[in-house]
Amino acid sequence: MEIRQLQYFIEVAEREHVSEAALALHVAQSAVSRQIANLETELGVELFEREGRNIKLSPVGRLFLQHAKSAIKAIEHAKKQIDEYLDPERGTIKIGFPTSLAGQLLPTVVSAFKREHPNIAFHLRQGSYQFLTESVKNGDIDLAFLGPVPKNDPDLEGNILFTEKISALLPDQHPLSEKRSILLNDLRNDDFVLFPEGYILREVVVNACKESGFLPKIACEGEDLDAIKGLVTAGMGVTLLPDSSISETKPRFTVKVPIEIPDVRRTVGLITPRGRELAPAEQVFYEFVIHFFSVLEQYK
């Protein structure tokens, strides 16, 4: 079994079209068909069900696709480790991050790192909590910044960098806007502006409201911080956001008010895959980030 066969198989499986796969691979269609046939002969099974010119994965083909992708990723990771072992200062790191950490934390850390390691490159991927955790697990990204840090995931290693409070963001004409602090229960009758279902910050807010004895009345949803802040500015409701995401760019006509009870916080940290060693450049970055935030904590 050859790596090329696996690569051809994955391309055909994802496109369900041999000629399109050949075009993407920049090879002749006959070469793709021949390699797929050789692979099926070696395995003793049909990986595709053929219906005229159309093809689709067979049940065993779908199973084999998962293993083929894992094998290719393992080979690519091994090659990357060898290349970076020879020269750790010329690696490429794939980093994930959520929208709530995109404004200041990520640019600050990456720029500080690049000053010391100018030849290490980055591929940055922004995504939801679930996207980031799954991408680290399956190797699509090497490590990710995340908040809150998952506690009991057997496939992930989490390192907490800091903990921050979550405060209320209110329109400046809100009756509570001049308060030095509030109880979350004070907002029980307000409309809320939250992230959509599946976003971890929505879950944090809903759980905090439940702890205070009510379910938030969700009037609007936004998929990024700017949308959430804009809706609050427009008077569409109130929201709860991590302090770092408010202090970075607090919109006009809004007020940040601390929440006294309950004490709503989140952890922020790095997640890495458990059971898979980081490549040398990744390890250099990981250690840099840990040291970077440990120094910041000393000056607080």
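In this predicted model, the axes of helix 2 (residues 18-25) and helix 3 (residues 29-43) come within 8 Å and cross at roughly 110°. That leaves helix 2 roughly perpendicular to helix 3 (the label for angles of 65 to 115 degrees). Val18, Ser19, Ala22 and Leu25 on helix 2 make the contact with Gln29, Val32 and Ser33 on helix 3, contact being heavy atoms within 4.5 Å. Numbering runs from 1 along each chain as its sequence is written. Local features need pLDDT of at least 70, side-chain atom pairs count only at pLDDT 80 or more, totals for chains, interfaces and linings use all residues, and side-chain values use heavy atoms, with hydrogens and water left out.

Next up is helix 5 (residues 105-116), whose 12 residues reach 17 Å from first C-alpha to last, close to the 16 Å expected at 1.5 Å a residue. Its buried residues (under 20% relative accessible area, 1.4 Å probe, protein chains only) are Leu105, Leu106, Val109, Val110, Ala112 and Phe113. They sit on the same side of helix 5, because they cover an arc of only 160° around the axis.

Helix 10 (residues 280-298) holds phenylalanine 288, which counts as buried because its relative accessibility is 11%. Phenylalanine 288 touches Val109, Ala112, Phe113 and Glu116, leaving aside residues up to four places away in sequence. Phenylalanine 288 and alanine 112 lie 176 residues apart in sequence, yet 9.4 Å apart in space, C-alpha to C-alpha.

As for confidence, mean pLDDT (the predictor's confidence in each residue, from 0 to 100) is 86 for the protein, with 93% of residues at 70 or more. Helix 4 (residues 59-86) is lowest, at a mean of 76, and strand 7 (residues 182-183) highest, at 96.

How values were computed
Helices (H or I, at least four residues) and strands (E, at least two) are DSSP runs, numbered from the N terminus. The expected span of a helix is 1.5 Å times one less than its number of residues. Buried means under 20% relative accessible area, exposed over 50%, partly exposed in between (1.4 Å probe, protein chains only). The arc is that of the directions from the helix axis to the C-beta atoms. Axes are lines fitted to C-alpha atoms, for helices over the stretch in contact, and angles run from 0 to 180 degrees between N-to-C directions. Angles under 35 degrees count as roughly parallel, over 145 as roughly antiparallel, 65 to 115 as roughly perpendicular and the rest as oblique.
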